Amino acid sequence: MNAVGVDLGGHKVVAGFVENGAVRARVEESTEASREPGPVIAQIARMVHELGAGSQVPTGVCIPGGVDASRENALMITNFMGWNGLPIRRMLEEAIGGCTVIENDANAYALGEGFAGAARGMNDYVVLTLGTGIGGGIVSGGRLLTGAHGMAGELGHIVLGCEELCGPGCRGVGHFEAMCGADALERRAREMGLGHRAPERHPDLRDLWARRADPAVAPFWDFALSTIARGIASLVHVFDPELVIIGGGLRRGEGFMELLEARIPRYLGEPFRRTMQIRSSLLDTDAPIFGAAGLARARMERQTAGQMEQPGGERP
Ligand SMILES: [Zn+2]
């Protein structure tokens, strides 16, 4: 069965028509400037129709924020005003005119890697995305972990530090993202006096990675790699995954994955050193589109089969 996956971001919206495990067609636009629910939902519906998807093709939409346990309402979308508590799934379904599901974008990313990427065929895996923010999702026993309130899998907010203040919308201290999100790392580089080679520019992580052997820069990456390795080791102890998949921009540095992998075993208990595996994301920015489309397909199949619906993104 075909399905459409839509990735709603703060700056752009991407919609892809997924057929036989590949994105066959896609449209991409800047996110409607007001970011208000009405205009953005109308934009998504128009893009889905542009793909030629009729009411017989289900649509999955992933949003850059929380959804409640029923997968009906938005909980909190960072930088989108007025979405809190709205029945977004129903509003999208009415606008699009066909079966629709919503999911948090990091969870959709994780499911996408299971449907068509690095975790294909696996029942237990963790996806960790290292970008401006740190996100991720956990599939355990073949199911996406959603928790009692729909909020499970906030991997960027596990506590690896002490007093580092997390961003607006969180405000917790000591969180992973407040230490190793790209914004946090750039702030740290400035505090360590590590400017860009071109003095008029801010520190740039790609530039700093290229200079990682420089004795002034090495401690910066020692901190970052060790912190990320501690985070991964903690996740491995809690979830015992077959695989940890790393997404996001940081991993693209040449040799980054090898250096990171080498750091992890010392933080692991002995049996976990033998089972721990990490790998780069295969689908990259397409992962949420595959995940959202797969969820939509699963919902449509359940509806067709007339079964009771289960919230929380069961894998098809
Ligand atoms: Zn936080």
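G65 is found in strand 5 (residues 65-67), where helices (H or I, at least four residues) and strands (E, at least two) are DSSP runs numbered from the N terminus. This is a predicted model, in which local features need pLDDT of at least 70 and side-chain atom pairs count only at pLDDT 80 or more, whereas totals for chains, interfaces and linings use all residues. Residues are numbered from 1 along each chain as its sequence is written.

View 1. G65 is partly exposed, with 19 other C-beta atoms within 10 Å. A residue is buried if 20 or more other C-beta atoms lie within 10 Å of its own, exposed if 12 or fewer, and partly exposed in between, with C-beta atoms placed from the backbone. Residues up to four places away in sequence aside, G65 touches A74, L75, M76, I77, T78 and N104; contact requires that the C-beta atoms of two residues, placed from the backbone, lie within 7 Å.

**View 2. Domain 1 and domain 2.** The domain assignment gives domain 1 (3-108 + 284-305) and domain 2 (122-280), with bounds that come from an automatic or database assignment. Taken over C-alpha atoms, the domain centres are separated by 27 Å. Ten residues from domain 1 and 13 residues from domain 2 take part in the contact. On the side of domain 1 that touches domain 2, strand 5 and helix 3 (105-116) each supply at least two residues.

**View 3. The largest nonpolar core and I44.** This core has 85 residues, and V4 and I44 are those with the most contacts inside it. At least three residues of the core are drawn from each of domain 1 and domain 2. A nonpolar core is a set of buried Ala, Val, Leu, Ile, Met, Phe, Trp, Tyr and Cys residues joined through C-beta atoms within 7 Å. Apart from its neighbours within four places in sequence, I44 is in contact with V6, L8, V13, V61 and L92.

**View 4. The packing of helix 1 (residues 37-50) and helix 2 (residues 88-96).** The two helices pack at an angle of about 45°, with their axes 9 Å apart. Axes are lines fitted to C-alpha atoms, for helices over the stretch in contact, and angles run from 0 to 180 degrees between N-to-C directions. Helix 1 and helix 2 are therefore oblique to each other, given that angles under 35 degrees count as roughly parallel, over 145 as roughly antiparallel, 65 to 115 as roughly perpendicular and the rest as oblique. In helix 1, P37, I41, A42, I44, A45 and V48 meet M91, L92, A95 and I96 of helix 2.

**View 5. The packing of helix 7 (residues 218-239) and helix 8 (residues 256-263).** The axes come within 9 Å and cross at roughly 60°; helix 7 and helix 8 are therefore oblique to each other. From helix 7, L225, S226, I228 and A229 meet L259, L260 and R263 in helix 8.

**View 6. N20 in the loop between strand 2 (12-19) and strand 3 (22-30).** N20 counts as exposed, with 8 C-beta neighbours inside 10 Å. Its phi is near 50°, a positive value in a residue other than glycine.
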